[in-house]
Amino acid sequence: AALRWLAASADAEQEVRLAGALCRFWDVRGHLSEGRRWLDGALARPGGAAPPVRAKALHGAGNLARGQGDYARAAALHEQSLALGRALGGQMGTGGTLDSGVAVAQEQGVPPADLAGTTHEFHKFSAQTRMSGVDLEARRLRKGAADAVHRFVEAEGGAWPVAVTQQ
């Protein structure tokens with residue numbers, strides 16, 4: 001009901017924000033077609049949304065498309081999300097979008113070696129490292145088990161935030 005109300009309103013940003021926030025729900029519950037319809041409508045609205053909000057919604061829409069085997073659409077949506085993330089100077093996590101892009105390519109039979117370019121290198125999750133990530137020019141992004149990421153940050157000469165340790 002909330003999405004229907006927002007679709008009828010003049011608040012395109014809130015519609016994109018809510019649709020983007022519901023992506024995981026639609027994915028987990030198997031409502032991929034419903035999610036794609038709402039996201040396609042929200043993302044096509046004139047006025048649009050702020051780049052971080054739009055990037056998150058594009059990422060979610062790409063995941064839903066991938067879930068239905070629509071790899072060409074998934075790749076296009078992930079590329080748009082990644083471009084927005086890069087334009088924002090890394091203000092938002094590009095790692096998830098890159099991981100999704102890797103998954104799309106690999107599900108189409110592209111070997112991991114073919115995904116590594118001159119400006120980035122992907123690292124798939126492994127039981128050994130308990131992390132996945134991507135190296136982008138001067139940045140090395142990782143996600144995974146907290147203790148594994150903690151060791152990675154310290155090995156790279158970074159400081160692990162005390163507030164994270166206390167939680």
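Student: In which strand is L141 found, and does L141 count as buried or exposed?

Tutor: In this predicted model, L141 is found in strand 3, which spans residues 139–144. The cut-off for a buried residue is a relative accessible area under 20%. Because its relative accessibility is 18%, L141 counts as buried.

Student: What distance separates the C-alpha atoms of L141 and M131?

Tutor: Along the chain, L141 and M131 are 10 residues apart.

Student: Which residues of helix 9 are buried, and where do they lie around the axis?

Tutor: Helix 9 comprises residues 146–155, and its buried residues are A148, V149 and F152. Around the axis they cover an arc of only 95 degrees, which puts them on the same side of helix 9. In general, an α-helix has 3.6 residues a turn, so residues three or four places apart point the same way. The buried residues asked for are therefore A148, V149 and F152, and the place they share is the same side of helix 9.

Student: Which residue with a positive phi follows helix 9?

Tutor: The phi of this residue is near 85 degrees, and the residue comes after helix 9. The residue is G157.

Student: Why do the buried residues of helix 2 line one face of the helix, and which helices do they pack against?

Tutor: The buried residues of helix 2 are A12, E15, V16, A19 and G20. Seen down the axis of helix 2, these residues fall within an arc of 125 degrees, so they line one face of the helix. The helices they pack against are helix 1 (2–8), helix 3 (23–29), helix 4 and helix 5.

Student: How are helix 2 and helix 5 oriented to each other, and what is the handedness of their crossing?

Tutor: Helix 2 (residues 12–21) and helix 5 (residues 51–67) have axes 8 Å apart and pack at an angle of about 40 degrees. Helix 2 and helix 5 are therefore oblique to each other. In this contact, E13, V16, R17, G20 and A21 of helix 2 meet V53, R54, K56 and A57 of helix 5. As for handedness, the crossing of helix 2 and helix 5 is left-handed.

Student: How many nonpolar, polar and charged residues form the contact of helix 4 with helix 5?

Tutor: Helix 4 (residues 32–44) packs with helix 5 at an angle of about 145 degrees, their axes being 9 Å apart. From helix 4, L32, G35, R36, L39 and L43 meet residues of helix 5 including R54, A57, L58 and L64. By class, the contact of helix 4 with helix 5 has 8 nonpolar, 3 polar and 2 charged residues.

Note on methods
Residues are numbered from 1 along each chain as its sequence is written. This is a predicted model: local features need pLDDT of at least 70, side-chain atom pairs count only at pLDDT 80 or more; totals for chains, interfaces and linings use all residues. Side-chain values use heavy atoms; hydrogens and water are left out. Axes are lines fitted to C-alpha atoms, for helices over the stretch in contact, and angles run from 0 to 180 degrees between N-to-C directions. Helices (H or I, at least four residues) and strands (E, at least two) are DSSP runs, numbered from the N terminus. Angles under 35 degrees count as roughly parallel, over 145 as roughly antiparallel, 65 to 115 as roughly perpendicular and the rest as oblique. A crossing is left-handed if the near helix is turned anticlockwise from the far one by less than a right angle, and right-handed if clockwise. Contact means heavy atoms within 4.5 Å. Ala, Val, Leu, Ile, Met, Phe, Trp, Tyr, Cys and Pro count as nonpolar, Asp, Glu, Lys and Arg as charged, and the others, Gly among them, as polar. Buried means under 20% relative accessible area, exposed over 50%, partly exposed in between (1.4 Å probe, protein chains only). The arc is that of the directions from the helix axis to the C-beta atoms.
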